[in-house]
Amino acid sequence: AFTYVDELLIKQLCNTLTLRIDYDSMTSQIKKKESKYNMLLQGFSDLLSARSQLELIQAMRDFTPKFHGFEDMGLLFYNDTKNQLYTLLENPLLPENSLQTVCFPSGIGICGDIAKTPQIRVRDQKSHLQFNCDIDNVQSKKEVRNFLFAPLFNSLSKLVGIAQLINKSGGGEVGESDIAHFRTMEKLYGLPVEKVNEKEHIMHKLVGLKRSADMISGLVEVQEGNDKKDGESQIRKLAKTMRAANTLVNDIFTPKRALVLEELAIAAQAGKLL
């Protein structure tokens, strides 16, 4: 006959099975979070290692859509001096598909609107009407079902670029959780963008400085009997070049944020991201 002891044994067995199921579920969740955490650290290591804007675009395309659950992404850089958005694209009309910088004036499309009022935008009736195939689809996806466009900020909370996440994976819709998830990443993604932007800025200055130096290379040959007006013109060019050199040196030797601080920022955010 079924006794009280049998009942206790069955209850104990049920409790043990429940604990086992809970343990397996917890272990699975921990492994899933651990995998995503490792993916996050590796992804950001690649982003911070990018040595150029082109390398950063590729690194972000490899990591960001997968991490946020999208099919693809595009990246626009922001030039605050010119108030201009731009990106790098291969041009099949140039030799060996040379890269071309494509610039967009402010105010065009959804991304132009984000440059004026930095906030996350997703596909809705208003954005559908604003959508511009040139600036809002820089990767030229044939079918754009939905999207999440987000501003990227530097350490001073200034706009440095715009990320274009295209088409939610699995045919899903962009939800509030996607927006909240990306919002925690805005400044983190902004760090490598700011880094390569500074590199490009310095490289442009170096090119300009070399041109100026070439123009005044004949200054050392100016002899005492040469035309006074020509000598004064050369000296003015030299002074301009020296001012440019001084600015360049200041830019290069201004204390930069240490890479370890960037990685600490990533680690600090990890609890919100997984």
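What follows is a short exchange about a predicted model and the terms used to describe it.

Reader: What makes up the fold, in helices and strands?
Author: The protein has 8 helices and 6 strands. Along the sequence they follow the pattern α-α-β-β-β-α-β-α-β-β-α-α-α-α.

Reader: Why are Asp178, Ile179, His181 and Phe182 in helix H5 called buried?
Author: Buried means under 20% relative accessible area. These four residues of H5, which spans residues 176-183, count as buried, so each lies under that cut-off.

Reader: How do you know that the buried residues of H5 line one face of the helix?
Author: Seen down the axis of H5, they fall within an arc of 165 degrees, and therefore they line one face. In general, an α-helix has 3.6 residues a turn, so residues three or four places apart point the same way.

Reader: What is on the other side of H5?
Author: Glu176 and Ser177 are there, and both are exposed. Exposed means over 50% relative accessible area, so both exceed that value.

Reader: How much of the protein counts as buried?
Author: Of its 274 residues, 34% do. The protein exposes about 17000 Å², with carbon and sulfur atoms supplying 56% of that area.

Reader: What is the confidence in the model, and where does pLDDT stay under 50?
Author: The average pLDDT is 77, and 65% of the residues score at least 70. Over residues 252-261 pLDDT stays under 50, and the model has 8 contacts beyond four places in sequence for them.

Reader: Why be careful with such a stretch?
Author: Where pLDDT is low, the predicted coordinates should not be read in detail.

Terms used. Residues are numbered from 1 along each chain as its sequence is written. This is a predicted model: local features need pLDDT of at least 70, side-chain atom pairs count only at pLDDT 80 or more; totals for chains, interfaces and linings use all residues. Side-chain values use heavy atoms; hydrogens and water are left out. Helices (H or I, at least four residues) and strands (E, at least two) are DSSP runs, numbered from the N terminus. Buried means under 20% relative accessible area, exposed over 50%, partly exposed in between (1.4 Å probe, protein chains only). Accessible areas come from the Shrake-Rupley method with a 1.4 Å probe; for residues, only the protein chains shown count as cover. pLDDT is the predictor's confidence in each residue, from 0 to 100. Contact means heavy atoms within 4.5 Å. The arc is that of the directions from the helix axis to the C-beta atoms.
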